[in-house]
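The following explanation leads a new reader through the structure shown below. Please keep the sequence and the model in view while reading.

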There are 2 protein chains.
Amino acid sequence: MITFLPENRRCEERIGDTLLDLALKSKIEVISVCGGLGACGKCKVRVVKGREFLSPISHKERSFLTIEDISSGYRLACQAKVLKKGEIEVEIPVTSRRGAYILQVEGIETPVTLSPSVKRICVKVKKPALKSVKSDHDLLLEALKTEARSISISCLRSLPVVLRNEKWEVSAILYKDEIIDVRSKKAKVLGFAVDLGSTKLAGYLLDLETGKTLGKTSRLNPQVRYGEDILTRITHIMKDKRKLSVLRALLLKAVNEMIRELVKAVNASTSDVYEVVAVGNTYMHHSFLGIDPSYLALSPYPPVVRKALTYDAKEVGLTINEGGKVYVLPNIAGFVGADCVAAILATEIYKLEKPCLMIDIGTNTEIVLNDGKGLFAVSTASGPAFEGAHIKFGVRAMIGAIESVAIRNCDVLYRTIGNGKPVGICGSGILDAISQMVEHSILDESGRLNENVCKELVKRDGGIKELILVDKDKTAINEDITISQKDIREIQKAKAAIATGIKVLLNNRGISSDDLEAVFIAGAFGTYLDPLSAIKIGMLPRVPLVKIHQVGNAAGTGARMCLLSDYMKRKAEDVAGKVNYIELAVEPYFQEIYLDSIKLKEYNI
Amino acid sequence: MITFLPENRRCEERIGDTLLDLALKSKIEVISVCGGLGACGKCKVRVVKGREFLSPISHKERSFLTIEDISSGYRLACQAKVLKKGEIEVEIPVTSRRGAYILQVEGIETPVTLSPSVKRICVKVKKPALKSVKSDHDLLLEALKTEARSISISCLRSLPVVLRNEKWEVSAILYKDEIIDVRSKKAKVLGFAVDLGSTKLAGYLLDLETGKTLGKTSRLNPQVRYGEDILTRITHIMKDKRKLSVLRALLLKAVNEMIRELVKAVNASTSDVYEVVAVGNTYMHHSFLGIDPSYLALSPYPPVVRKALTYDAKEVGLTINEGGKVYVLPNIAGFVGADCVAAILATEIYKLEKPCLMIDIGTNTEIVLNDGKGLFAVSTASGPAFEGAHIKFGVRAMIGAIESVAIRNCDVLYRTIGNGKPVGICGSGILDAISQMVEHSILDESGRLNENVCKELVKRDGGIKELILVDKDKTAINEDITISQKDIREIQKAKAAIATGIKVLLNNRGISSDDLEAVFIAGAFGTYLDPLSAIKIGMLPRVPLVKIHQVGNAAGTGARMCLLSDYMKRKAEDVAGKVNYIELAVEPYFQEIYLDSIKLKEYNI
């Protein structure tokens, strides 16, 4: 028997199970960035009792665990396997948990004229008469005075009973020109918009007749069990095609749960939901629909489909009304997905007449430029460093994460999310810290840590220089929280990827950063970052701060807009068709620009 | 343990099971016209051993069994229940079996220009290139040079793998403007047409590229277990709504089996079948689609839907290609279904400029008149007498059924199907017999049996006069095969129903039977009947025999035509919308006409 602390949750182990398997089985969510490959070191757990029943420390574990870690009983949960049955107790430290994460669902509210694809028409239907034979369906069409071209089979199945039970006064629900339901006049007409992020799902329940958002919810994308980054998940699928349906099922379960949670909160039922609008990057899009995403990982990275798609919710696997539909926004390219199209809609950059930029920062960052004449997009692999991965004390936005940092006279001032005792540092905090270190010459332009400034803040761990942000005695993890030279290199690479994308786009279109009228920063990390820090380390171009707009989950906003407006759906298809995708790798000087962007200094071009 | 003879098939009985239940469980198909209500007397079986373990002879059984029957061990299988376990042996006589039935699948071949909804386009698709990012779907559309508006989700799911496995040379299968499959260039493109008769299913496998019928098959409609006539089945559903899905599942299973049987015979697979076109009366139509048919049995008998419908085969429950479709022809009224529309197409009566009549004889007979200006239809409850029900020695077309009769000098000459030893008399035989009896004045116009002509042929059974057709020693059932006064009354009612429909229609449109250019007789019974006999007993109007066309399963032909031609589908919808349904019961003089039509004499009007 294995016991997980501090929950005291128990579970029967089998020979060969890893601690990660058993933790998941016990419904304790342990972080696993690499999907159990022993490559990220994020799933550290402490074996309190029964170390002798587990496999010996592996080579992979040695590269992530210090001697002290090992002697304290730390293991990587994905590597430690049960060799023999016995009483095992394992403590899951707060930093290895997917627990109190701050999940970003807020986004700008872009006004949209209400004209949803789903419409309710209340009608009084004539009863059939012997003199002129008409079907229930004929009589319904007469009452609707509409050119409805088709009727769903589920609707036909319930039609005769509903008409008679409701005494021939009913609500007919139409999806464009198809009748998808006939029910009580009092029925609600709801819709659900969902942003399928690689790591996070954000869902919105809307009243399609008032346009109001009735509820919001979010959860971690359960697919992160198979790797926090997309390529790891695709690799799983390439190795074993059956994983496609496993990953899809995990996702659908979570989305269905979100819908249930939100409808319950407003005393509605899943059968009141008639449409789901989904956005996500191209991998998430494919995975959601059960389409093989393998080729996204192979040059030339073609998506299987770009066009917007509408399917029956049943076919997709969502539990909403029997006749309900799923609309998925179009993709632009293998690495510029429907979420980017949604963000374009939400920020309305396609409407502006002066040059503007939209940057949706994530593990993959999409950058879209409107040069005043057309839309141009690049995608750049900024990596998960801003989400805390590959950063020694990096964590995602969670209670206790250091979210902003200032250095004053070699004193480190910081603020944590929820004012929790520091557990680590999240993206915006790292950006601040690096920007401040540059400001105080603790870092030079090349990113080298100068140990002669603020000597008291610098220590070495295994030869690698580190800047101490918080002393061990003030943290929740009984260790100094530091930023290491290695962390700085990771952030340099990540910000260089974004800067390169911006520079290539502007170069390609002959636009200078001074020409930019607006820069929209979308995405969870983008909401929290300090734009000044981002400019100072050379991630964003130097533009007046007033031109920078942090728009939060713009993809979610775009999805909601399409749910509320058939016109916006057509706009999405129109916009997606017009975006010119530029493949970074084939642009001239790409390599030079990237190397130059590694530098920690402001730029404008 | 119960044993069924002569198969020696054994099965474990439970207390309370009827012999009918146990026979079905043992996969022995016993006829049950009434669906186990004890109302038809068709499920006679002989208990050879273990009578003491069964319930006593019920009141209902007494009305169907003679004293001799009872003493020989005869029971109605639906009434005899197991009261105690023991060794029971039951013999199922050939006349109580659904066995060697002659199932009618042949119908006229009406030529049609090949233009199916399902089309294959062979294409060479360009491979994706890094310079201009395109999705697999985009590249396919480019190669197709078509305005395909949508693509099925199943097709998207297999698209990337198929394109690469087939080295970018594939067959794209389109259904109208939707891409429903992409597969090997060598793929077959098949379709299946099915006539869903109340008692019989007739299926046809077609090559949609050559238009050839590759195979035909038929089987009894397994729903007959719940009653051979539709109203009995609807009553089951009205009493217990769950029966709708039970009846639907039985039907779908049989249809799926027919498809499997036919594709196997031509070395194809069910995934080569892209479309099913189905026709049937309105009840069968509703039952096939899972639509509640209850209201068909309640005045004013409205169907739930009349319009033609196209659904995904998966939604309907048919196992063909993942992206396959089901097209169901339109209905005209509650008792004039899609099968009648198909028969109109097959006989092409909608095209003729001179008046003509189409009569599709079944338990319910549909009659359509083209008066030269428009189409007019009535439906009339002719009952199952022509299929042998409610006729003392009546059987359906089966080996040994007497199919034609002539009386010469008080000698009865007859022919049986397959030259089998006589087991009973089927519809065409009864018609001949009655016509001959009228001819020889054995029957008068009112239908009274005159026992003074051919005295030797007449006997009495319980006071009821009977004409002996075959002596006991020449039959397979060890009994005289006779036609009783009661049988004659049944046939009079049945033929009067048809004649009334014809007369009302002609009257209503002011057409005389001399004006008729053609009379088409469709349906299995209609194929075998002797038109002269039908005229002589006053079932059909007196028209020159040359104008009468026996067209067999015209409904099946119409279904095949729609499978081969999108144009014919539109024609079906057009024709169905134009047929004027006339409700017999509300026509003036209906009652008088019916009473007059009871008479056994020729008519023309």
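Is Cys340(A) buried or exposed? At a relative accessibility of 0%, Cys340(A) counts as buried; buried means under 20% relative accessible area, exposed means over 50%, and partly exposed lies in between, with a 1.4 Å probe and protein chains only.

This is a predicted model, in which local features need pLDDT of at least 70, side-chain atom pairs count only at pLDDT 80 or more, and totals for chains, interfaces and linings use all residues. Residues are numbered from 1 along each chain as its sequence is written, chains are lettered from A and ligands numbered from 1 in the order in which they are written, and side-chain values use heavy atoms, with hydrogens and water left out.

Over all chains, the structure holds two disulfides, a disulfide being a pair of cysteine sulfur atoms within 2.5 Å. One of them is formed by Cys410(A) and Cys454(A), whose sulfur atoms are 1.9 Å apart. The torsion about the S-S bond of Cys410(A) and Cys454(A) is about -75°, and the disulfide is therefore left-handed. This pair connects distant parts of the chain, 44 residues apart: Cys410(A) belongs to the loop between β19 and β20 of chain A, and Cys454(A) to the loop between α11 (427-439) and β22 (458-461) of chain A. Helices (H or I, at least four residues) and strands (E, at least two) are DSSP runs, numbered from the N terminus. With a relative accessible area of 7%, Cys454(A) is buried. Cys410(A) has a further feature: its phi is positive, about 65°, although the residue is not a glycine.

In chain B, a disulfide joins Cys410(B) to Cys454(B), with an S to S distance of 1.8 Å. The link of Cys410(B) and Cys454(B) is left-handed, with -75° about the S-S bond. Cys410(B) sits in the loop between β19 (401-408) and β20 (411-416) of chain B, and Cys454(B) in the loop between α11 and β22 of chain B, so the pair ties together parts that are 44 residues apart in sequence. Cys410(B) counts as buried at 19% relative accessibility, and Cys454(B) counts as buried at 7%. Phi of Cys454(B) is near 45°, a positive value in a residue other than glycine.

Cys78(B) is buried, its relative accessible area being 8%.

In chain A, Ser299(A) and Pro300(A) are joined by a cis peptide bond with omega about 0°. Pro300(A) is placed in the loop between α8 (282-289) and β14 (309-312) of chain A. In chain B, a cis peptide bond with omega about 5° joins Ser299(B) and Pro300(B), and Pro300(B) is placed in the loop between α8 (282-289) and β14 (309-312) of chain B.

The next topic is a sheet in chain B. Four strands form this open sheet in the order β6-β8-β9-β7 (chain B), and the pairing is mixed; two strands pair if DSSP finds at least two bridges between them. Its edge strands, each pairing on one side only, are β6 (118-124) and β7 (150-151) of chain B. Strands β8 (residues 169-175) and β9 (residues 178-183) of chain B run antiparallel and are joined by five bridges. Tyr175(B) stands opposite Glu178(B) in β9(B). Helix α5 (residues 153-165) of chain B packs on the sheet, touching β7, β8 and β9 of chain B, and its direction makes about 35° with that of β9(B). Axes are lines fitted to C-alpha atoms, for helices over the stretch in contact, and angles run from 0 to 180 degrees between N-to-C directions.

The axes of α6 (residues 230-239) and α7 (residues 242-265) of chain B come within 6 Å and cross at roughly 135°. Helices α6(B) and α7(B) are therefore oblique to each other; angles under 35 degrees count as roughly parallel, over 145 as roughly antiparallel, 65 to 115 as roughly perpendicular and the rest as oblique. The contact (heavy atoms within 4.5 Å) is made by Arg233(B), His236(B) and Ile237(B) of α6(B) and Lys243(B), Leu244(B) and Leu247(B) of α7(B).
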